[in-house]
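Colleague: I've got the sequence and the fold up on my screen. Can you walk me through the packing?

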Amino acid sequence: MIELIKANTKFFFITWGIVLLVNQIFIFGGCLAPYCIVAALPHTGVISAVIVYLYFQEEKKEKIIQQERSYESQYTSNNNKADPLKEMGDAYEKEIGKEFESKGDFVIYNGLIRGVADGGVDLIVISPDSQSINLVQCKNWHKMKMEHHHINSVYDKLTDYASNINIAGFLGIYLFKYPVALQEHLHYKKERDEIANILKASKNYTNIRKTLYIATEQVIDIDVGQHLTMIKPNIFRYKDMKIAITKI
């Protein structure tokens, strides 16, 4: 801690010295007399403090971003090696996403890109035709029973995501923070400019949908039926969330 304080103090005084020198040369016509320097100390000190503060704020943000990327990368790597169930889940997400892509929608494979930081949303489907954004979670369960609290948990996560999402700024982050991953998971490849235009247009979409995809209805606990409304075979509604049964 003491060493850190010393380093920060040293950085501040170096910055102050540079600002003071620039101030004297360009603003005070090169006056380096003691009375000139003393007169410049207050405002150059304030300017230097602001510069140092902004510098450390940016450095802090960069460290957080690097830690998040490192954590997500380690998580994905570890789970790909050790968890066959996750591999099945990832394959299901990819196939559901492919179906959306084949209809002309643009898919952000959020779960594959962000891992545990996906906020409970596996796919973010942007549909230019319907001008909507569909937040999707996929459950490739075959043995474990899906009880009411499981479905309600999915609903709550998608609802929280929808209520907190800032379309104008949030989706654009993917293009700058995950440009490679954004493109590499697509089945139907798109150029960066085309993706940028899709994301830009989506900021005006106010129709936010929520969908849960499951691989088989056999995993749904019988008691859940009272909470579901059938729309058509293999498609149900839970509150304002659609549940679609789709095998791969």
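Predicted model: local features only at pLDDT ≥ 70, side-chain atom pairs only at ≥ 80, totals over all residues.

Colleague: I243 was on your list. Which residues does I243 touch, leaving out those up to four places away in sequence?

Modeller: Contact here means heavy atoms within 4.5 Å. With residues up to four places away left out, I243 touches I151, L212, I214, L228, N234, I235, F236 and Y238.

Colleague: Now L186. Is it buried or exposed?

Modeller: L186 sits in a loop, between α7 (179-184) and α8 (192-202). Its contacts beyond four places in sequence are E101, F106, V107, Y109 and I195. The cut-off for buried is under 20% relative accessible area. L186 comes in at 4%, so it is buried.

Colleague: How far apart in space are L186 and F106, C-alpha to C-alpha?

Modeller: F106 is among the residues L186 touches. The two are 80 residues apart in sequence, while their C-alpha atoms are separated by 8.6 Å.

Colleague: On to the rings. How many aromatic pairs are there, and why is F11 with Y55 called tilted?

Modeller: Searching the whole structure turns up seven aromatic pairs. For F11 and Y55, the ring centres are 4.9 Å apart and the planes meet at 35°. Planes under 30 degrees apart would be stacked and over 60 edge-to-face, so at 35° this pair is tilted.

Colleague: What parts does that pair tie together?

Modeller: F11 is partly exposed at 28% relative accessible area, and Y55 is partly exposed too, at 41%. The two are 44 residues apart in sequence, so the pair ties together helix α1 (residues 2-26), holding F11, and helix α2 (residues 34-82), holding Y55.

Colleague: And F100 with Y213: what kind of pair is that?

Modeller: Both residues are buried. Their ring centres are 5.9 Å apart, with 85° between the planes. Over 60 degrees is the cut-off, so the pair is edge-to-face.

Colleague: Which residue's charged end sits over the ring of F100?

Modeller: F100 lies in helix α3 (residues 84-102). The charged end over its ring is 5.8 Å from the ring centre, and it belongs to K103.

Definitions and conventions. Residues numbered from 1 in each chain as written. Heavy atoms only, no water. Helix = DSSP H or I, 4+ residues; strand = E, 2+ residues; numbered from the N terminus. Buried < 20%, exposed > 50% of the residue type's maximum accessible area, 1.4 Å probe, protein only. Phe/Tyr/Trp six-rings, centres within 6.5 Å; stacked < 30°, edge-to-face > 60°. Lys NZ or Arg CZ within 6 Å of the ring centre and 35° of its normal.
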